[in-house]
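Please read the following explanation with the structure open beside it. It goes through a few places in the chain, one after another.

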Amino acid sequence: MQTPSLFSRGNLSLRPARPSDQAFIESLYRSTRDDLQLIDAKRDFIETLIDQQHHAQTLGYSEQFPDAVYFIVEVQQQRIGKVSIDFNHNEIHIIDLSLIPAARGKGYGAQVIKALKKASSSVCTPLVLNVYKSNSVAKQLYQTEGFKVTRSDQMIDSMIWYPSYS
């Protein structure tokens, strides 16, 4: 299921994740955990810890969002990331948006957010997400795209974007 019509540039697309994407998804998760890569420990321990964290995240998401859908982000049919989304009756929750290091900072995340805003507008439903306070790059992207902080704790900001209802 390609969705190029959602994107301003035709080379970016989303497709449902498949079982054959599992190794890519694991590698992608690993690339987002620089914090764990820096631990002063043996490599095997760090790799095991990252695997355990990925497993815990996957299990947690499936329990918290049992009806979530998982998409692979592609550029010219090359996998560059993933986005996990939960559609419910009063909001669309962006659970996770991750890009490979080589794709970061090139506007692809913004294109995905814009596409999700377009989809959200078509059903008159707000978009919500959580972002770690330490992830200043992502938080800046979401603020640039019009998301507002609705709740904040020591680690996480909850954010929302409302479509215009005109």
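Glutamine 77 has a relative accessibility of 61% and therefore counts as exposed; the word exposed is used for values over 50%, buried for values under 20%, and partly exposed for what lies in between, with a 1.4 Å probe and protein chains only. This is a predicted model, in which local features need pLDDT of at least 70 and side-chain atom pairs count only at pLDDT 80 or more, while totals for chains, interfaces and linings use all residues. Residues are numbered from 1 along each chain as its sequence is written, and side-chain values use heavy atoms, with hydrogens and water left out.

Glutamine 77 sits in the loop between β2 and β3. Helices (H or I, at least four residues) and strands (E, at least two) are DSSP runs, numbered from the N terminus. Glutamine 76 is also placed in the loop between β2 (69-75) and β3 (78-87), and because its relative accessibility is 62%, glutamine 76 counts as exposed. What is the phi of glutamine 76 near? It is near 50°, a positive value in a residue other than glycine. For glutamine 77, phi is near 65°, again positive in a residue that is not glycine. Most residues other than glycine have a negative phi.

The next stop is strand β4. Isoleucine 95 belongs to this strand, which covers residues 92-99. With a relative accessible area of 10%, isoleucine 95 is buried. Leaving out residues up to four places away in sequence, isoleucine 95 touches Tyr61, Phe65, Ala68, Ser84, Ile85 and Asp86; contact means heavy atoms within 4.5 Å. From isoleucine 95 to glycine 109 there are 14 residues in sequence and 14 Å in space, C-alpha to C-alpha.

Which residues does histidine 93 touch, not counting residues up to four places away in sequence? They are Phe65, Ser84, Ile85, Asp86, Val128, Leu129 and Asn130.

Leucine 97 is another residue of strand β4. Because its relative accessibility is 18%, leucine 97 counts as buried. Apart from neighbours within four places in sequence, leucine 97 is in contact with Lys82, Val83, Gly109, Val112, Ile113 and Tyr142. Leucine 97 and isoleucine 85 are 12 residues apart along the chain, and their C-alpha atoms are separated by 8.9 Å.

Leucine 141 is part of helix α5 (residues 136-144). Its relative accessibility is 22%, so leucine 141 counts as partly exposed. Glutamate 63 is 78 residues from leucine 141 along the chain, and 28 Å separate the two C-alpha atoms.

Threonine 125 is found in the loop that runs between α4 (108-122) and β5 (127-132). Is threonine 125 buried or exposed? At 10% relative accessibility, it counts as buried. The side chain of threonine 125 reaches the backbone oxygen of valine 123 at 3.0 Å.

The last topic is a pair of helices. Two packed helices are described by the angle between their axes and the distance between the axes. Helix α1 (residues 22-31) packs against helix α3 (residues 43-64) at an angle of about 110°, and the axes are 10 Å apart. Axes are lines fitted to C-alpha atoms, for helices over the stretch in contact, and angles run from 0 to 180 degrees between N-to-C directions. The helices α1 and α3 are therefore roughly perpendicular to each other, a term for angles of 65 to 115 degrees, whereas under 35 counts as roughly parallel, over 145 as roughly antiparallel and the rest as oblique. On the α1 side, the contact is made by Gln22, Ile25, Glu26, Tyr29 and Arg30, and on the α3 side by Glu47, Ile50, Asp51, Gln53, His54 and Gln57.

How values were computed: A polar contact is a pair of N or O atoms within 3.5 Å; within protein, one must be able to donate a hydrogen and the other to accept it, and residues adjacent in sequence count only if both atoms are side-chain atoms.
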